[in-house]
Amino acid sequence: MAPLRAIRCGTLFDGTGAPPARGAVVVVDGERIAAVGPAATTPLPAGAAVLDWSDRFVMPGLVDAHSHISIVPGDGDQIGQLRQEAVPQALRATANLRRDLASGTTTLRVMTEEHFLDVAVREAIAAGVIPGPRLLCGTRGITSSNGHGRAHSAFDGVDEIRRGVRENFQRGADHVKIFATGGVSSPGTTLNASVYSREEIRAAVEEALRAGKYAAAHAHGGPGLRLCVEEGVSTIEHAGLATDDDVALMKEHRAWLICTFAIFMHERGIEQGDGRNPAIMAKLAAARRTIAETFPRHLASGVRYASGTDGVHGAMPFELETLVRFGVSTADALLSGTRWAAEACRMDAEVGSVVPGKRADLIAIEGDPLAEIEALRRVRLVMKDGEIQDVIPNKHGTNG
Ligand SMILES: [Zn+2]
């Protein structure tokens, strides 16, 4: 029989938009939330084990809307890492995902891997073989022969793209990831040129929609970004060079802006891995300047946004701190890493807020991230699917 638990929360931030509640109770039945309410009016069910988190700030488990499982950006040459054999990649992934989970991430959207590694790892986590967040898998990236993100796989022309997307779904992908523009960590690519034609982007989106899924696109700006938005891509990743007009177009089409600050700005990001490569570092410096100048406006524009670490494992606190630095309220920053990210990843029926019926993904924090966002670095307990996870926060490196 599924265990019944009642959690006494010091403060509950439920992710619905309601104000934080002092002294709330969350009842967990098996892997789902059964009831949420004030301690005074929420009966503890007979036989429920009581968990006392009354000195903690409790909130939904974090949803990392853009990451990778095998990559460690601080090791440099991310494409080289993706070109390795599956086994070394899988071994790195187990360590990376443990770190993500320990930092409070209970759901993580994978934005491409080779070897269909993410599907195998998703199943291993679901089966309890290794600890880790629940994974949403992109499998192979849809990139062109001369595109950013090209490791083993490349797809040129409408027909190859259709076949690639269909094969990805057949192997278990949850969404499609298109590489529409160049990237910071590949020196020879341009950040705002469109690698793909409109027809190629449309083919990827069509195949996703036909399968009942959606397309995401790596796009920094310019024609590549605009083509994706016009053709119905749901989430625009990075958008490091997006102009005000680009963001207005995204808003009009209800495309999500997925912010990935850590990869550009965190000390464990591209800087640590590729600091000796002057071509990459020049691109990185330019991207940092542009982001610091434009994102405060983008985030205040009304465009829908959510957060992801892009492989800087354990860095969700840094992501949300950067939002606050760019003028976002602490409450909205927490939403960007929970409910909004769940909506962007189409998982909001299951995760992202603490309401009856959803999966019991909860984290317990020492301190109050609404008062001081850095408190998010002090995650003390992680519950996923109603089970307290056997990870020791901060054991594998400091959160953030
Ligand atoms: Zn990425």
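Biologist: Where do I start? Is H68 buried or exposed, and why?

Modeller: H68 is buried, because its relative accessible area is 6%, and buried means under 20%. Keep in mind that this is a predicted model. H66 counts as buried too, at 0% relative accessibility.

Biologist: Now a helix. How do I read its faces?

Modeller: An α-helix has 3.6 residues a turn, so residues three or four places apart point the same way. Take α7, residues 244–252. Its buried residues are D246, V247, L249 and M250. Seen down the axis of α7, they fall within an arc of 155°, so they line one face of the helix. D245 and E252 are exposed on the other side of α7.

Biologist: What do the buried residues of α7 pack against?

Modeller: They pack against two helices, α6 (222–230) and α10 (278–299), and against the strands β10 (235–238) and β11 (256–259). After α7 comes R254, with a positive phi near 55°.

Biologist: And the sheet? In what order do the strands run?

Modeller: Strands of a sheet pair through backbone hydrogen bonds, either parallel or antiparallel. Here an open sheet of five strands has the order β8-β9-β10-β11-β12, and the pairing is parallel. β8 (176–179) and β12 (305–307) stand at the edges with a single partner strand each, so one side of each has no neighbour in the sheet. On average, neighbouring strands are turned by 25° against each other, direction ignored.

Biologist: Over how many bridges do β9 and β10 pair?

Modeller: β9, residues 215–219, pairs with β10 over four bridges. A217 stands opposite I236 in β10.

Biologist: Which residues does I236 touch beyond its neighbours within four places in sequence?

Modeller: Its contacts include A217, L225, M250 and W256. I236 also belongs to the largest nonpolar core, of 87 residues. There, M59, I178, V233, I236, F261 and L323 touch the most other members. α10 gives the most to this core, with six residues. A second, separate core has 15 residues, including V28 and M383.

Biologist: Which strands does α10 lie across?

Modeller: α10 lies across β10, β11 and β12. It runs at about 140° to β11.

Note on methods:
Residues numbered from 1 in each chain as written. Predicted model: local features only at pLDDT ≥ 70, side-chain atom pairs only at ≥ 80, totals over all residues. Heavy atoms only, no water. Buried < 20%, exposed > 50% of the residue type's maximum accessible area, 1.4 Å probe, protein only. Arc of directions from axis to C-beta. Contact = heavy atoms within 4.5 Å. Core = buried A, V, L, I, M, F, W, Y, C linked by side-chain atoms within 4.5 Å. Pairing = 2+ DSSP bridges. Axes fitted to C-alpha atoms, helices over the stretch in contact; angles between N-to-C directions.
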